Amino acid sequence: MIAALGLLVGVVLGLIFTPDVPPGLDPYLPIAVVAALDAVFGALRAYLEGIFDDKVFVVSFFSNVVIAAAIVYLGDKLGVGGQLSTGVIVVLGIRIFSNVAQIRRYVFHA
Amino acid sequence: MPDPTPDQTPEPEPTEAGSADEAGRQRLRAALLQPSRGQVVVGVLLAALGFAAITQVRTNNTDNTFAGARESDLVDVLSGLAVTSQHAQNDINRLETTRRQLEQNKRDQTAALEAAQRQAEELSILAGLVPATGPGIRVTITEGRGPVDVDSVLDTIEELRSAGAEAMQVNGKVRLVAQSAVESAPGGLRIDGTLLTSPYVLDVIGDPHTLQGALSLVDGPIAQFQDAGATVDVDQEKALDITAVRKPTTSQFAQPQ
């Protein structure tokens, strides 16, 4: 319940304040958001499986975000930022899909 | 805890899915109904996620500039724009050339049209198709003892023509043109099939002095008429209207060469 409220509060805050993304962070924010989404869906699946631990969630959330941003940063430095961003998005997308498939099995028995 | 990372747990076997599903759903329901301490942390992180996601969505929607683009992308965009601009410039040059040509054509055509119209007007006056106005003389020939001589009338017309007469009519009825024929008839003259009687009034447009001089020569037309007993009056007019016109005719045999 609190988790759902937290998500709602974040969305509302974003809509109210409409902050500008700092120019330096511009390429990393979308990747970070997708990585965080991956962590969230992984946590939801773990919760349904009964093995959720909030410490693990916090660590995986931040490590996902930091590693994704670091990969893109490295790609930018190597001159393959665009391709590496695509690669990270693809990998995270696959993980999100498999997690959601598992969540679906728990929630809808299908 | 068997596996620390939640997203690496193996997929459950389909046989044990039933009981595990029930447990998961109960946990989900319990979490929604009974908030716990751990949910606060999750809530904070999800708030951060929602904030970041909304920020990114808004940035993506509103920011169409290239502020966040990479250098190589910008170079690609720039060179693409340069090529497009070059093409557009070529198009502009080509179209301007076409426009110049068309304007030149239009000027030429307008000039040709004006020349043709002027020529058509002159030819219309010459052929007697349209009324004409201008300075000239009015010659009134009144018969005396007998009918006027056709040769004298023809001489008069020829003298007037060589003096630069541009349009002539007789008695306000008959326009004299290149095809006009004069013959004697009982009671008067027949010009182009129309019977005319004395006095004959000849309206002539041209230079009045020259025309009058042409008629007043020694042994000229006036002298011929007076010898035959007719009286001739010549009046110089500043503005003379010639209203008689001829119907346009189509040449039956003569063809332009």
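## Helices H2 and H4 of chain A

In this predicted model, helix H2 (residues 28-49) of chain A packs against helix H4 (residues 81-108) of chain A at an angle of about 20°, with the axes 9 Å apart. Axes are lines fitted to C-alpha atoms, for helices over the stretch in contact, and angles run from 0 to 180 degrees between N-to-C directions. Helices (H or I, at least four residues) and strands (E, at least two) are DSSP runs, numbered from the N terminus. H2(A) and H4(A) are therefore roughly parallel to each other; angles under 35 degrees count as roughly parallel, over 145 as roughly antiparallel, 65 to 115 as roughly perpendicular and the rest as oblique. The crossing of H2(A) and H4(A) is left-handed, a term used if the near helix is turned anticlockwise from the far one by less than a right angle, with right-handed used if clockwise.

Residues of H2(A) in this contact include A:Ile31, A:Val34, A:Phe41 and A:Leu48, and those of H4(A) include A:Val88, A:Leu92, A:Ile96 and A:Tyr106. Two residues are in contact if their C-beta atoms, placed from the backbone, lie within 7 Å. By class, the contact of H2(A) with H4(A) has 14 nonpolar, four polar and three charged residues. Ala, Val, Leu, Ile, Met, Phe, Trp, Tyr, Cys and Pro count as nonpolar, Asp, Glu, Lys and Arg as charged, and the others, Gly among them, as polar.

## Helices H2 and H3 of chain A

The axes of H2(A) and helix H3 (residues 54-78) of chain A come within 8 Å and cross at roughly 150°. H2(A) and H3(A) are therefore roughly antiparallel to each other, and their crossing is right-handed. On the H2(A) side the contact includes A:Tyr28, A:Ala32 and A:Ala39; on the H3(A) side it includes A:Phe57, A:Phe61 and A:Val72. The contact of H2(A) with H3(A) comprises 14 nonpolar, three polar and one charged residue.

## Contact between the chains

Chain A places 51 residues in contact with 43 residues of chain B. Helix H1 (2-17), H2, H3 and H4 of chain A each give two or more residues to the side that touches chain B. H2(A) supplies the largest share of that side, 13 residues. The side of chain A that touches chain B has 31 nonpolar, twelve polar and eight charged residues.

## Strands of chain B

Chain B has six helices and eight strands. Of its 257 residues, 21% are buried, that is, 20 or more other C-beta atoms lie within 10 Å of their own, against 12 or fewer for exposed and in between for partly exposed, with C-beta atoms placed from the backbone. In strand E7 (residues 200-205) of chain B, five of the six residues are buried. E7(B) is joined to strand E1 (residues 132-142) of chain B by six antiparallel bridges, and B:Asp203 in E7(B) is the bridge partner of B:Arg138. Strand E2 (residues 167-170) of chain B also pairs antiparallel with E7(B), over four bridges; two strands pair if DSSP finds at least two bridges between them.

A further open sheet has the order E4-E5-E6 (chain B), with antiparallel pairing. Its edge strands are E4 (182-185) and E6 (194-196) of chain B. Helix H4 (residues 150-162) of chain B lies across E4 and E5 of chain B, at about 155° to E4(B).

## Numbering and basis

Residues are numbered from 1 along each chain as its sequence is written, and chains are lettered from A and ligands numbered from 1 in the order in which they are written. As the model is predicted, local features need pLDDT of at least 70 and side-chain atom pairs count only at pLDDT 80 or more, while totals for chains, interfaces and linings use all residues.
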